[in-house]
Amino acid sequence: MPLSRIQSTSMTSNLVAILFFSTIIAISSAQTSTPIDRIGVNYGKLGNNLPTPFHSIELIKSMKASMVKLYDADPETLKLLVGTDLQVSIMVRNEEIIALAANETLANQWVHDNVFAYYPTTMIRYIMVGNEVYSNHNIEQWDSLVLAMQHIRNTLHAHDIHNIKVGTPLAMDILGSTFPPSNGTFRIDTLTTIVPLLQFLNRTGSYFFLDVYPYFPWSSNPDTIDLNFTLFKGNITYVDPTSNLTYTNLLDQMLDSVYFAMSKLGFSNIPIFIAETGWPNQGDLDQPGSNEYNAATYNRNLIKKIVTNPPIGTPARPGTIIPTFLFSLFNENLKDGPKTERYWGLLKPDGSPVYPIDLTGNRTDFGPLKEPTNNNGYKGKLWCVVDKMANITQLGPALRNTCGLLNGTCELALGPGKHCYEPVSVVSHASYAFSAYWAKFRNCGEPCYFGGLASLTTRNPSHGTCHFPSVLL
């Protein structure tokens, strides 16, 4: 999700936005919170080697997190949270949104089954309706989102429950322009539904829940965006040419682009709640900066920023409290996509820390970290081949599926008598197909993964007259 550098909007629009911001300081100063109430963790379960929910909740409590966000409303986990001091966020799955919007009785039952069955002894405080709904193109879900949220809130209020916020976490791709921050605007295709969403959040006193990852724009533009600026380090500053606001880190730029976007639509008082943020502790060869040093640095400095009293806020919202869920509790080995997807955790699957971290922000001396070696990224050729730990029985179907997407490439290279036919091995043929597919579609976002069957290598698998397709970085 790299920062967009789309042509600036008119000076008039930006000056209006700045006038909106001038009213925020008084509002922000009225907010109260203790630092410990501001940091939570996202508890994902996409792994086959993770601790039990019981052990996981014990780990979360031992880390002194104040909040936990679930990606479902799992009964076992919600029962285990009974009597704890953890504020809990539960989630309506994307595929449930349309039905809950169409049938208020069904929405009422959802709340009874997933909230009233545990509340108040489980401190449910947030209901997330969907997850990054606008990152897909299911227009019916977009159109149904606010009504589903309203139905859920109606049930809560009918039972005199007023301390649970209803919202929906959105990714940064909700914006059509993010740079400079004062140019922040929502995507044109979302406007007919984003305005009713903002009206709901404003009317109900809820948050704009935002998934925001400075890693992505930096790793897409490492020669343009300074890494220290991304990690809250150094003395680098950027002055927005329209607002004249001074920025010392990339996160503030990204947050303020959303604040500006909301203000341009007339919503200057909706606070942001960071629903996800973090940094990957490992990654593929073509994913620079994914290492433990940067992950620890980003998360530690982020926590320090969030828990500081009085609150720091952002340049456009000084003094504003920004509650934050770190992503994520564990490295999750069943997540699809590039390698970084499986390495955002604060903890390893055995429950040990990936690196020392203090969610309260009190600890500052953590000791030295191993210096990173991949901040500049790999330079050279890469091939996508069968991983040495791949399940061989899965290679045949994967080979047929991949070749079916390559429009004759496999037949020209792997058919009998062709230059890559020998050796006649499913591993060799799959490696060729994986490399050909990845080389063709990498720029479209396709990772070298193939359901865990493939990985990148710097070793050229070509032989004789058989030349494997590659990508030059």
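## Close-up views of a predicted model

**View 1. Strand β2 meets strand β3.** Strand β2 (residues 67-70) and β3 run parallel and are joined by 3 bridges. The model shown here, as in every view below, is a predicted one. To find your place in the pairing, look for methionine 67, which stands opposite glutamine 87 in β3. How many of the residues of β3 are buried? The count is 6 of the 6, so β3 is largely enclosed by the rest of the structure. Now follow the side chains along the strand: Gln87, Ser89 and Met91 point one way, while Val88, Ile90 and Val92 point the other way, and all are buried.

**View 2. Helix α3 and its buried face.** Helix α3 spans residues 53-62, and its buried residues are Pro53, Ser56, Ile57, Leu59 and Ile60. Which elements cover them? The cover includes β1 (39-43), β2 and α4. Just after α3, have a look at lysine 64, where phi is positive, at about 65 degrees.

View 3. Begin at the N-terminal end of α6, which is capped by asparagine 103. A side-chain oxygen of asparagine 103 lies 2.9 Å from the backbone nitrogen of threonine 105. Along α6 (residues 104-116), you can pick out Ala107, Trp110, Val111, Asn114, Val115 and Phe116 as buried. Down the axis of α6, the buried residues fall within an arc of 160 degrees, so they line one face of this helix. What do they pack against? Their partners are α4 (75-80), β3 (87-92), α5 (97-102), β4 (124-129) and α7 (139-158).

**View 4. Inside the largest nonpolar core.** This core has 100 residues. Those with the most contacts inside it are Ile90, Val115, Ile127, Val129, Leu156, Phe208 and Met262. Helix α11 (residues 250-264) gives the largest share of the core, 9 residues. Zoom in on valine 129 to see its surroundings: leaving out residues up to four places away in sequence, valine 129 touches Val92, Ile97, Leu145, Ala148, Met149, Ile152, Val166, Gly167 and Thr168.

**View 5. Strand β9 and its partners.** Strand β9 (residues 208-211) is covered on both faces. Phe208 and Leu210 sit on one side, Phe209 and Asp211 on the other, and all are buried. Strand β6 (residues 170-171) pairs with β9 in the parallel sense over 2 bridges, and alanine 171 has aspartate 211 as its bridge partner in β9. Strand β12 (residues 272-277) also runs parallel to β9, with 4 bridges joining them. Here, leucine 210 has isoleucine 274 as its bridge partner in β12.

View 6. Leucine 251 belongs to helix α11. Is leucine 251 buried or exposed? Its relative accessibility is 0%, so leucine 251 counts as buried. Leucine 251 and valine 212 are 39 residues apart in sequence, yet their C-alpha atoms are 7.7 Å apart in space. Setting aside residues up to four places away in sequence, leucine 251 touches Val212, Pro214, Phe232, Ile274, Tyr298, Leu302 and Lys305. Now turn to asparagine 299, found in helix α12 (residues 292-307). Asparagine 299 is buried too, with a relative accessible area of 1%. Beyond its neighbours within four places in sequence, asparagine 299 is in contact with Gly278, Trp279, Leu326, Leu346, Tyr355 and Ile357.

View 7. The 3 strands form an open sheet in the order β15-β14-β16, with antiparallel pairing. Helix α15 (residues 426-441) lies across β14, β15 and β16, running at about 135 degrees to β14.

Notes:
Residues are numbered from 1 along each chain as its sequence is written. This is a predicted model: local features need pLDDT of at least 70, side-chain atom pairs count only at pLDDT 80 or more; totals for chains, interfaces and linings use all residues. Side-chain values use heavy atoms; hydrogens and water are left out. Buried means under 20% relative accessible area, exposed over 50%, partly exposed in between (1.4 Å probe, protein chains only). The arc is that of the directions from the helix axis to the C-beta atoms. Contact means heavy atoms within 4.5 Å. A polar contact is a pair of N or O atoms within 3.5 Å; within protein, one must be able to donate a hydrogen and the other to accept it, and residues adjacent in sequence count only if both atoms are side-chain atoms. Two strands pair if DSSP finds at least two bridges between them. A nonpolar core is a set of buried Ala, Val, Leu, Ile, Met, Phe, Trp, Tyr and Cys residues joined through side-chain atoms within 4.5 Å. Axes are lines fitted to C-alpha atoms, for helices over the stretch in contact, and angles run from 0 to 180 degrees between N-to-C directions.
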